Every structure is written in C-alpha cells, then in structure tokens.
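I am keeping this notebook to record what I looked up, entry by entry. Each entry starts from a question or a topic.

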Amino acid sequence: MPDPVKQTPAAPDPWAEWPHPTCRRIVAAALESFAARGFHGTGIKHIAQGSGLSTAALYVHFAGKEDVLFALSRRGHVLARELVLAAVADPDPRAALATLVRDFTAWHAEHRTLARVVQYELGALTDAHRAEVLVLRRETEEAVRGLVRRGAAAGVFTVPDVRAATAAVLSLGIDVARWYEPGGRWTPQELGGHYAALAARLLGAG
C-alpha cells in the first residue's frame with residue numbers, strides 16, 4: 001500500500017479519521033487504485049478486491065467510490081490546513097514561513113500519493129463535495145496569504161503582489177507530490193529545509 005502509516009511529528013497519520021481497520025483497508029486500497037488507474041478507471045470492484053472485501057461489505061462503510069474519494073480529499077485538505085495554521089501561528093513571520101514551507105513540503109513528499117490524488121481528482125467529486133473541499137483550500141490559502149501580508153507590513157518580506165507570492169509558496173510544496181520518490185537525493189525533511197531557504201529568498205526575507 002502507498003504511504004505507509006509511519007509518521008514524523010510534522011506528518012500526522014492521514015488515516016487517523018478511520019480508526020476501524022476495515023475502513024483503513026478500504027481507503028488505502030482506493031488510494032492505490034485511484035493513483036494507478038485514475039478515478040474514472042477505478043471500479044468499485046478494484047477497491048473491494050484491494051481491501052480484501054466483497055462489494056457488499058464495502059457498501060457498509062461507503063456509499064460508493066466517489067464517497068471514498070471525497071473522504072480522502074477532505075482528509076488530505078484538512079491535514080494541509082492544520083499544518084499551515086500551526087505554522088502561521090508563530091508571531092515571527094520569518095520563523096513562521098520557515099516552518100510552513102519545511103513542514104508543508106515534507107508532508108507532500110511523505111504522502112505524495114494522497115496529495116496527487118486529492119489534487120488531480122478534484123474534478124471527479126460531486127458539486128456538493130467539491131464545494132466543501134474548496135472551502136478548505138480557500139482557508140489554507142488565506143492563512144498563508146495572511147502570513148505573507150503580515151510579513152510585508154512588518155518590512156520582513158518584500159513582495160510586489162501578495163496573492164502571487166502566496167501561490168508561489170504553496171506551489172513549492174504541492175508540486176513535490178508530482179515528482180518526489182523515496183530513496184533519492186533528499187529525504188522529505190531535507191527537501192523541506194532546502195525549500196524553506198528558497199521561500200525566504202523568494203519573499204526577500206534573506
């Protein structure tokens with residue numbers, strides 16, 4: 001299964017929302033299939049077979065494959081928002097930025113499969129489910145935007161456009177999920193440290 005449940009303090013267990021082992025097996029199997037086949041290429045039988053359940057047993061826990069995708073997407077976005085909110089709570093904008101980029105980047109590297117699925121399959125959600133996830137995305141973006149705005153007002157950051165700077169900071173971490181593979185040149189934490197230094201330069205924080 002992708003993204004095994006072995007966490008660092010900066011990377012909360014993505015499966016904690018589902019304490020029941022059967023639910024964990026379902027969401028892990030669905031994640032693996034969505035990553036390999038895409039949402040539309042995944043059938044409910046793929047998820048059932050991957051979790052070792054019958055389709056009837058799967059329906060006891062989830063209404064269908066879109067319901068599982070929504071659960072994964074909501075969980076991924078909640079974790080990202082919590083990580084960002086914890087970082088921006090630091091009153092020092094420089095320290096907050098460093099923590100934010102380091103942890104956000106490391107999380108997207110450690111949980112690259114979950115991050116890729118929730119980013120790339122957003123359009124497969126129903127209108128109601130997509131709207132709920134977009135609220136979480138906007139809250140995350142606004143928290144980062146607030147940090148950039150606060151640092152600029154204090155003279156710590158030099159940014160001509162707060163929105164563009166916010167998009168750049170978030171994109172640094174999010175894009176990692178697209179290409180990162182374990183066993184390469186950097187660990188997730190090392191990559192987070194490098195990206196934190198880049199972000200400081202990007203925002204003129206030195």
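**Entry 1: Ser73**

Which residues does Ser73 touch, not counting residues up to four places away in sequence? I looked this up in a predicted model. I found that Ser73 touches Val118, Leu125 and Val133. I placed Ser73 in helix α4. Is Ser73 buried or exposed? Its relative accessibility is 1%, and buried means under 20%, so I noted Ser73 as buried.

**Entry 2: α4 against α6**

Two packed helices are described by the angle between their axes and the distance between the axes. For α4 (residues 65–88) and α6 (residues 112–120) I wrote down an angle of about 110° and axes 9 Å apart. Angles of 65 to 115 degrees count as roughly perpendicular, so α4 is roughly perpendicular to α6. I also noted that α4 passes α6 in a left-handed crossing.

Which residues of α4 and α6 meet? On the α4 side I listed Leu69, Leu72, Ser73, Gly76 and His77. On the α6 side I listed Leu114, Val117, Val118 and Gln119. Sorted by class, this contact of α4 with α6 has five nonpolar and four polar residues, and no charged ones.

**Entry 3: the annotated span**

I checked the UniProt record, an unreviewed entry. Its annotation "domain: HTH tetR-type" covers residues 20–80. In the model, I found that the span of residues 20–80 is 75% helix and 0% strand.

**Entry 4: α6 against α8**

I then returned to α6 and looked up its packing with helix α8 (residues 162–179). The angle is about 105°, and the axes are 8 Å apart. I therefore recorded α6 and α8 as roughly perpendicular to each other.

From α6, the residues that meet α8 are Arg112, Ala115, Arg116, Gln119 and Tyr120. From α8, I listed Ile174, Ala177 and Arg178. I sorted this contact of α6 with α8 into four nonpolar residues, one polar and three charged.

**Entry 5: His108**

Where is His108? I found His108 in helix α5 (residues 93–110). With a relative accessible area of 4%, His108 is buried. Leaving aside neighbours within four places in sequence, His108 is in contact with Ala115, Gly173, Ile174, Val176 and Ala177. I also looked up a pair that is separated in sequence: His108 and Leu172 are 64 residues apart there, and 9.9 Å apart in space, C-alpha to C-alpha.

Terms used. Residues numbered from 1 in each chain as written. Predicted model: local features only at pLDDT ≥ 70, side-chain atom pairs only at ≥ 80, totals over all residues. Heavy atoms only, no water. Axes fitted to C-alpha atoms, helices over the stretch in contact; angles between N-to-C directions. Helix = DSSP H or I, 4+ residues; strand = E, 2+ residues; numbered from the N terminus. Parallel < 35°, antiparallel > 145°, perpendicular 65-115°, else oblique. Left-handed = near helix turned anticlockwise from the far one by under 90°. Contact = heavy atoms within 4.5 Å. Nonpolar A, V, L, I, M, F, W, Y, C, P; charged D, E, K, R; others polar. UniProt positions renumbered as here; feature names shortened; annotations may be inferred. Buried < 20%, exposed > 50% of the residue type's maximum accessible area, 1.4 Å probe, protein only.
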